[in-house]
Protein chains: 2
Amino acid sequence: MVTNRKPADNPFGEEQGFDVYSDSCPARLVLDHLGDKWALLILHRLAFGPRRFNALRRDISGISQKVLSQVLKRLERDGLLTRTVTPTVPVTVEYALTQMGAQLTERVCPLLRWAEDNMPAILGAQDAYDVKQAAAGTG
Amino acid sequence: MVTNRKPADNPFGEEQGFDVYSDSCPARLVLDHLGDKWALLILHRLAFGPRRFNALRRDISGISQKVLSQVLKRLERDGLLTRTVTPTVPVTVEYALTQMGAQLTERVCPLLRWAEDNMPAILGAQDAYDVKQAAAGTG
DNA sequence: GTGGTCTGGTTACTATTGGAAACCAGTTTG
DNA sequence: CAAACTGGTTTCCAATAGTAACCAGACCAC
């Protein structure tokens, strides 16, 4: 059941049948998966080209095997990447973006770039906020 | 302490000092917040213009007061949005994107648009995957 | 003046998830 | 036989997410 709510005050007017604001909309399912820093990092990393499990693990410092495994499985289920097992010895498993995954990643890259570029401003904002909060608590 | 690791096989060559792949990089902090479907939805919603607490709550079906409150606070701390309390009666609290938040949201919108546009393909992929998994389990 | 509604939250409590570390299985190397 | 590579799964605990209830101030109806 797809929702078709189109808010009257939506200046974008771009909805085409799916509405992420509705909790019954399947687009939320994607968002649930994207709402995951690891997924964003993995997609972005695979934009560099296909990559094997342990290579990804080493690339993305801080991710655990379990989580990497889980997220890769999710992304594969979503059709965003493919998992290719090559029966070499030891077995090698290569992950690569599908065309759909590549399209999505095109939208993800600017986001990560922005995050990298704007870190100083954000850290400054956090600092200012914390100072203000501390002052409010003190006074 | 900012990491400067620039993988040799990075075909983008776009890093400018921050590296989201490193767990010691502050850019991860942003990603931690973006890695949150609610944050993405809220930012996208505020792109439509300033909005009050309960308006957002009604817009984004499924979000609870607690989570909305938490995420708004986080985004405010990051300097992505402002919280303006107007001492009317009852008190009204308006949330609006900062310039920085608006910039980020520009990058978020294509993502949500893509999610909406590509739902059929993703649902199809999920279905195919599940069928394949079930068959593998049966056989 | 008592109850209900609006505003915008906070506070329990619980279910789900996230993450660190251990373990598994196959093969090669020492 | 042990170690290390491959790519995971399992176990356990802590953190988080979500549900529902409660709070506080001011308005309105009665």
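Predicted model: local features only at pLDDT ≥ 70, side-chain atom pairs only at ≥ 80, totals over all residues.
Figure 1. The secondary structure of chain A consists of 6 helices and 3 strands. Along the sequence, these elements of chain A follow one another in the pattern α-α-β-α-α-β-β-α-α.

**Figure 2. The strands of chain A form an open antiparallel sheet.** The sheet has 3 strands, arranged in the order β1-β3-β2. Its edges are β1 (51-52) and β2 (81-86) of chain A, each of which pairs on one side only. Helix α2 (residues 37-46) of chain A packs on this sheet and touches β1, β2 and β3 of chain A. The direction of helix α2 makes about 90° with that of β3(A). In general, the strands of a sheet are paired through backbone hydrogen bonds, in either a parallel or an antiparallel arrangement.

**Figure 3. Strand β3(A) is bridged to both β2(A) and β1(A).** The antiparallel pairing of β2(A) with β3(A) comprises 6 bridges. These two strands, β2(A) and β3(A), form a hairpin, with 5 residues between them. Within the sheet, A:V85 has A:V93 of β3(A) as its bridge partner. Strands β1(A) and β3(A) also run antiparallel and are joined by 2 bridges. Here A:R52 has A:E94 of β3(A) as its bridge partner.

**Figure 4. Chains A and B meet in a contact to which each chain gives 52 residues.** On the side of chain A that touches chain B, at least two residues come from each of α1 (27-34), α2, α4, α5 (99-117) and α6 (119-138) of chain A. The element that gives the most to this side is α5(A), with 13 residues. Sorted by class, the side of chain A that touches chain B has 27 nonpolar, 15 charged and 10 polar residues.

**Figure 5. The largest nonpolar core has 59 residues.** Which residues touch the most other members of this core? They are A:I42, B:I42 and B:L43. Leaving aside neighbours within four places in sequence, B:I42 is in contact with B:L56, B:I60, B:V71, B:L72 and B:L75. In soluble globular proteins, nonpolar side chains tend to be buried together. Of the 139 residues in chain A, 34% are buried. Among contacts in chain A between residues at least 6 apart in sequence, 41% join residues at least 24 apart.

**Figure 6. DNA strand D is surrounded by 18 residues.** The closest of these are A:N54, A:P90, A:V93, B:S64 and B:P90.

Figure 7. Two or more residues of the surface near DNA strand C are given by each of α4 of chain A and α3 (53-59), α4 and β3 (92-97) of chain B. The residues of this surface divide into 8 nonpolar, 6 polar and 4 charged.

Conventions:
Residues numbered from 1 in each chain as written. Chains lettered and ligands numbered in written order. Near = placed C-beta within 6 Å. Core = buried A, V, L, I, M, F, W, Y, C linked by C-beta atoms within 7 Å. Buried ≥ 20, exposed ≤ 12 C-beta atoms within 10 Å, placed from the backbone. Contact = placed C-beta atoms within 7 Å. Pairing = 2+ DSSP bridges. Helix = DSSP H or I, 4+ residues; strand = E, 2+ residues; numbered from the N terminus. Axes fitted to C-alpha atoms, helices over the stretch in contact; angles between N-to-C directions. Nonpolar A, V, L, I, M, F, W, Y, C, P; charged D, E, K, R; others polar.
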